[in-house]
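Please open the model in a viewer and keep the selection panel at hand.

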Amino acid sequence: MAGVMAVLWAGALILVATSVKVVADNIGVNWGTMTSHPLHPRIVVQLLKDNGFEKVKLFDSDPWMVGYLAGTGIEVMLGIPNDQLEFLSQDYGNAKDWVKENCTSHLRKGGVNIKYVAVGNEPFLTSYKGRFLKTTFPALKNIQKALNEAGLGNKIKAVVPQNADVYESKSDKPSDGVFRRDVKAVMAQIVRFLKENGAPFVVNIYPFISLTMNSKFPSDFAFFDGGHPIQDDNVQYNNVFEANFDTLIYALKDLGTPNLTILVGEVGWPTDGHKKANKNSAKKFYDGLFKVLASKKGTPLRPGEMDVYLFGLFDEDTKSIEPGNFERHWGIFDFDGKPKFTMDISGKGGDKHLVAAKGVKYLPKQWCVLESYASNQDLIGQQTGWACARSDCTALQDGASCSNLDPDRTVSYAFNSYYQMNNQDEDACDFEGLATVVSKDPSTMSCRFNTQIKVDGATRLSFAQGAVPAISSSLTLFFLL
């Protein structure tokens, strides 16, 4: 009997050892929904729990979606889209109603653990040309005031996630960091307001963007290998992530708030849609990032633990590709919840795959391809461009995972992308008689031809607003003509 008890005790110890949480408390993840076939929130929340994520950042406040986070203890940052800023800035009553409907309603016993409300998302991007300059701060004030009056101000803080382009350094050294001249006045108001209310500054930092926007940018400085360091007086920076972070601190110092708490709202590396966006580079970046986070050394100006939200959870096939084709490939999971590569998310060794989404159902294993003996060959270029403009062909772009397909298979990829996005509807595989449905997978070693997941009616209805593909003429494949 004693021997049996010893075995049981040893087994219990093994269970305890294997259940140690992998994701640190300072690491969260962004859950975006700009996809034609979103996973059910129940599946996503279980995925978060299975992988130990205790923080999640959202881009809206869909009550149906948020409701599935109730009782989980997962810390939530709700989102308010930019197109609602004017409405919330015009009338305090609108902000009161928003807080009542999207915060107070979830805070019952066993409800949702809401920690932040993100008022807008990167509203001062240079590409917006000042569109939200006059509405962001009033909306922020109204939301925080409504939270305070509802008795939630100590628990929930209103923040404004900013892109790192709101600050700059003419010398490229962090010590010369200042906010952009066109936003400096409003940023001064915002950072003082955040300080007064005990709220953090949320910034999105993308070393990948730094690398791809400047052909002379040293590749290894985008990672964490210590190559091409920059010297700023007596401080050496070995990677752009830390240099960018400290540039922000100098910009905050310039406005009189050097000690403002900072959260990194988005950081990641895409895996497709660009020659420098691939799984190997993404893994290299994340491995380096996780080691830095695990060390808790912080940056030269801000030693200690850093709080970050990975971007993002899934690939999103209807995101705008105006910044680049890579925009649809930021996920650490594929569209169907399968992990893309192994990760040492603990930063302490132990490289392994994350836990995949459970309960995902797929459409039949069939694909739409170019008919071998198709007539009307002169229509191929036109039909391919038409399909890509209404689906997702970003993997076909130069340097991407499917860019080396032969011409016929390239056309097939475009046709299949449209076919799958339209739920394998029979009429979605016609293309003026050029296409046919096959049961043999046309994928190659480097290029995956997807079969889409099934989406139930409730999920499709809830996410309908985000399920319209962003039409882009840049995806028309004129090289096929």
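Does Asp 91 count as buried, partly exposed or exposed, and at what relative accessibility? Asp 91 counts as partly exposed because its relative accessibility is 40% (buried means under 20% relative accessible area, exposed over 50%, partly exposed in between, with a 1.4 Å probe and protein chains only). This is a predicted model, in which local features need pLDDT of at least 70 and side-chain atom pairs count only at pLDDT 80 or more, while totals for chains, interfaces and linings use all residues. Residues are numbered from 1 along each chain as its sequence is written, and side-chain values use heavy atoms, with hydrogens and water left out.

**Stop 1: Asp 91.** Select the loop between α4 (85–90) and α5 (92–102), where Asp 91 is placed (helices are DSSP runs of H or I, at least four residues, and strands runs of E, at least two, numbered from the N terminus). A polar atom of the Asp 91 side chain lies 2.7 Å from the backbone nitrogen of Gly 93.

**Stop 2: Asn 30.** Move to strand β1 (residues 27–31), which contains Asn 30. Asn 30 counts as buried because its relative accessibility is 0%. Its side chain joins that of Lys 57 in a polar contact of 2.9 Å (a pair of N or O atoms within 3.5 Å; within protein, one must be able to donate a hydrogen and the other to accept it, and residues adjacent in sequence count only if both atoms are side-chain atoms).

**Stop 3: the second largest pocket.** This pocket holds about 780 Å³ of space. Select Asp 272, His 329, Tyr 413, Arg 448 and Asn 450, the closest to its centre of the 37 lining residues (a pocket is an open set of points on a 1 Å grid over the protein atoms alone, where a 1.4 Å probe fits, with protein on both sides within 12 Å along at least five of seven lines; lining residues have an atom within 4 Å of a point). The elements that give two or more residues to this lining are α10 (279–295) and α12 (407–421); α12 gives the most, with five. Finally, colour domain 1 (27–333) and domain 2 (367–452): both give residues to the lining of the second largest pocket, so the pocket lies between them. The domain bounds come from an automatic or database domain assignment.

Terms used
Grid points are joined across faces, edges and corners, and a volume is the space filled by probe spheres set on the points.
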